[in-house]
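Reader: Hi! I'd like to learn how to read strands and loops in a protein model. Can we go through one together?

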Amino acid sequence: MDRNADAPWSKFDPEAYVDLNYRTPLEVDLLIVRLMRDHFARCYAAGLPPSVRGVDVGAGANLYPALAMLPWCEKIVLLEYALPNIEYLERQLAPGGYDKEWDAFWEVLREHPAYQDTDPRSTFGDVVRVERADLLSLDGQRRWDIGTMFFVADSMSECPEEFRKGVRCFLEALNPGAPFAVAFMKESRGYQVGAHRYPAYRVDEKQVWENLEPFTGELEIHDLRHVVRKGHEGMLLALGRRNSAIAAP
Ligand SMILES: C[S@@+](CC[C@H](N)C(=O)[O-])C[C@H]1O[C@@H](n2cnc3c(N)ncnc32)[C@H](O)[C@@H]1O
């Protein structure tokens, strides 16, 4: 069984990954962006708390979770483990601004009035920072007021304990009431990026529910039956808010 530490993260090819997944926006990602956007806007409909700090865990070569948090946050941290992905994210923060393929996702976000006063390129450069971190070594301290984690806990290991720990470490890093969005490949049997193969844990809706529910005040799971490649059975999008419970060790 491939554990997280066994996979070739230092050889992850972000451009090949963007080619496969995001260069041409897929209908399912645009749907996810719409659902996440509406969830965040609903969570903050009664008003925005002061100085909201956001996190996207295992950001990899995907900017749309951070873009969805942009109007709400004073700061956003992109936590990532693989060095090539960190370099990719740093390039997106360079003065020229992020790559043009991310504009299609902003177009969907700005259909909502809450996003219309944000200039995405300049705000992204001002607000977003990249840090190297291992999800499985996060220390359980609550730091963030809003968070996203897309295709990470399920797409980094074949090991059930590491899947559960990944979900728990993410949710434990969020403050009470924090809105969150977490996405999973459903029943994934691993995935190829360029010349390398990466492990996955075969997760279904029941497991997502069981692992997230103890940490959440509100939770809804969208079963998106879009298949984007061989070896999985759709995607699961969990939208919710963190409760105030401290989980048992
Ligand atoms: C399938 S990719 C998902 C990337 C991106 N979030 C997306 O939505 O496309 C899995 C990501 O998890 C990252 N990752 C793997 N192990 C990790 C760990 N222990 N801590 C943090 N990130 C990790 C990988 O480097 C990669 O960026």
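Predicted model: local features only at pLDDT ≥ 70, side-chain atom pairs only at ≥ 80, totals over all residues.

Reader: Which strands does S2 pair with, and in what sense?

Author: Start with S1, residues 53-57: this strand pairs with S2 in the parallel sense, over five bridges. One spot to look at is Arg 53, which sits opposite Lys 75 in S2. Now turn to S3, residues 128-132: five bridges join S3 to S2, and these two strands run parallel as well. There, Leu 78 has Val 130 in S3 as its bridge partner.

Reader: How does the chain cross from S1 to S2?

Author: The path goes through helix H3, residues 64-69, making a right-handed β-α-β crossover.

Reader: Okay, on to the loops. What is the phi of Phe 151?

Author: Phe 151 has a phi near 55°, which is positive even though the residue is not a glycine. Look for Phe 151 in the loop between strand S4 and helix H7. Its relative accessibility is 10%, so Phe 151 counts as buried.

Reader: And where is Glu 187 found?

Author: Glu 187 is in the loop between strands S5 and S6. Phi is positive here too, about 55°, and Glu 187 is not a glycine. Buried means under 20% relative accessible area, so Glu 187, at 17%, is buried.

Methods: Residues numbered from 1 in each chain as written. Heavy atoms only, no water. Pairing = 2+ DSSP bridges. Helix = DSSP H or I, 4+ residues; strand = E, 2+ residues; numbered from the N terminus. Right-handed = clockwise from strand over helix to strand, strands pointing away. Buried < 20%, exposed > 50% of the residue type's maximum accessible area, 1.4 Å probe, protein only.
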